[in-house]
Amino acid sequence: MNVFDLIITDKEVVSLEDVFLNKYNHQNIKQLIKEHQYVDELTKYGLPVNNKILLQGHSGCGKTKTAKAIAHSLGKPILILNLSNIVSSRIGETSQNLKQIFDKAAREKAVLFLDEFDQIGKERGNDDKDVGEMRRLVNTIIQLIDYYPANALLIAATNHAEIIDQALLRRFQLRINFEMPNAEVLDKYYDKILRPFPAEMQNFERQYNISFAEAKDYSYTKIKSLLIDKFEQLDKLDQLEKLEKSVE
């Protein structure tokens with residue numbers, strides 16, 4: 001398999017307004033975007049621009065959408081790589097695959113988004129051979145991160161930051177935590193995703209203490225159920241009209 005086949009093609013356009021972030025996270029993301037918009041001017045003052053970001057926290061709370069929004073805001077292409085798909089039983093092969101993808105992102109001045117980052121940095125078993133091989137992989141990743149150019153962005157995402165190697169974590173200049181949305185934020189999210197549907201279909205009981213992804217799945221399931229009920233009623237009326245015409 002060509003290593004670049006492991007890059008996920010996703011043409012979804014996401015703006016920053018489409019991402020539901022708390023005030024602190026929103027400020028950090030806006031600052032990051034502005035730094036890259038004025039990278040040349042900041043560099044003249046000898047100021048480094050943050051370009052290695054870790055998005056950590058609960059699944060389904062907007063990490064992938066945030067990465068897409070950052071890329072869209074900067075007009076950069078985004079290369080999405082799910083690390084669970086690239087980790088090979090042959091550690092050397094995994095290292096080489098990652099190097100090729102890092103090189104491609106650097107050439108294109110792209111946003112490289114590494115999902116499930118803990119797949120390459122999580123704590124391993126006690127087997128000496130396994131530990132040694134994974135240590136070499138971690139060292140490779142550290143070198144790739146250290147030499148990643150300032151005019152490209154590296155964004156990693158994980159649901160389990162606590163199991164990632166500390167040497168890897170220290171490479172990220174900015175770490176943004178994604179928490180489960182509160183009821184107020186979820187209501188705004190429900191209002192947004194339900195807006196295109198008829199008003200009479202938006203009044204179902206809402207669920208809380210869930211992620212954005214879960215809220216979306218729940219809402220769409222409810223809407224589909226209500227629409228199917230409507231379709232069935234229309235079918236029954238249509239059949240009744242046909243029956244009445246046949247009797248006449």
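In this predicted model, the buried residues of helix H3 pack against helix H1 (23–37) and against the strands S2, S3 (78–82), S4, S5 and S6 (174–178). Those buried residues of H3 are Lys63, Thr66, Ala67, Lys68, Ala69, Ile70, Ala71 and Leu74. The helix has twelve residues, and the distance from its first C-alpha to its last is 17 Å, close to the 16 Å expected at 1.5 Å a residue. Just after H3, glycine 75 adopts a positive phi of about 65°.

## Overall arrangement

The protein chain contains eight helices and six strands. Read from the N terminus, its elements follow the sequence β-α-α-β-α-β-α-β-α-β-α-β-α-α. The chain has 248 residues, of which 42% count as buried. Among contacts in the chain with a separation of 6 or more, 76% are between residues 24 or more positions apart.

## The sheet

Six strands form an open sheet in the order S1-S3-S4-S5-S2-S6, with mixed pairing. Strand S1 (7–8) and S6 stand at the edges and have a single partner strand each, so one side of each is left without a neighbour in the sheet. Strands of a sheet pair through backbone hydrogen bonds, in either the parallel or the antiparallel sense. The antiparallel sense is found between S1 and S3, which are paired over two bridges; here isoleucine 7 stands opposite leucine 81 in S3.

Strand S5 has parallel neighbours. Strand S2 (residues 52–57) runs parallel to S5 and is joined to it by five bridges, and glutamine 56 has threonine 158 as its bridge partner in S5. Strand S4 (residues 111–115) likewise runs parallel to S5, with four bridges between them; the bridge partner of valine 111 in S5 is leucine 153.

S5 is mostly covered, with six of its six residues buried. In a regular strand the side chains alternate between the two faces of the sheet. In S5, Leu153, Ile155 and Ala157 point one way, while Leu154, Ala156 and Thr158 point the other way, and all are buried.

## The largest pocket

The largest pocket holds about 480 Å³ of space. Its lining comprises 24 residues, and those nearest its centre are Gly60, Cys61, Gly62, Lys63 and Thr64. Two or more lining residues come from each of helix H3 (63–74), strand S5 (153–158) and helix H8 (212–247). H3 gives the most to this lining, with four residues.

## Loop residues

Serine 211 belongs to the loop between H7 and H8. Its relative accessibility is 2%, and serine 211 therefore counts as buried, the cut-off being under 20%. Apart from neighbours within four places in sequence, serine 211 is in contact with Ser59, Gly60, Cys61, Met180, Pro181 and Leu186. Of these contacts, Gly60 and Cys61 are also among the residues nearest the centre of the largest pocket.

Phenylalanine 197 also lies in the loop between helix H7 (183–194) and H8. With 25% relative accessibility, phenylalanine 197 counts as partly exposed. Residues up to four places away in sequence aside, phenylalanine 197 touches Gln202, Tyr220 and Ile223. Phenylalanine 197 and isoleucine 223 are 26 residues apart in sequence, and their C-alpha atoms are 8.2 Å apart in space.

Positive phi values also occur at lysine 109 and at glutamate 116, neither of which is a glycine. Lysine 109 is placed in the loop between helix H4 (91–107) and S4, and glutamate 116 in the loop between S4 and helix H5 (128–146). The table sets out their values.

| Residue | Phi | Relative accessibility | Class |
|---|---|---|---|
| Lysine 109 | about 50° | 43% | partly exposed |
| Glutamate 116 | about 55° | 31% | partly exposed |

Conventions. Residues numbered from 1 in each chain as written. Predicted model: local features only at pLDDT ≥ 70, side-chain atom pairs only at ≥ 80, totals over all residues. Heavy atoms only, no water. 1 Å grid on protein atoms, 1.4 Å probe; cavity = no way out; pocket = protein on both sides within 12 Å on 5 of 7 lines; lining within 4 Å. Points joined across faces, edges and corners; volume = space filled by probe spheres on them. Buried < 20%, exposed > 50% of the residue type's maximum accessible area, 1.4 Å probe, protein only. Pairing = 2+ DSSP bridges. Contact = heavy atoms within 4.5 Å. Expected span 1.5 Å × (residues − 1).
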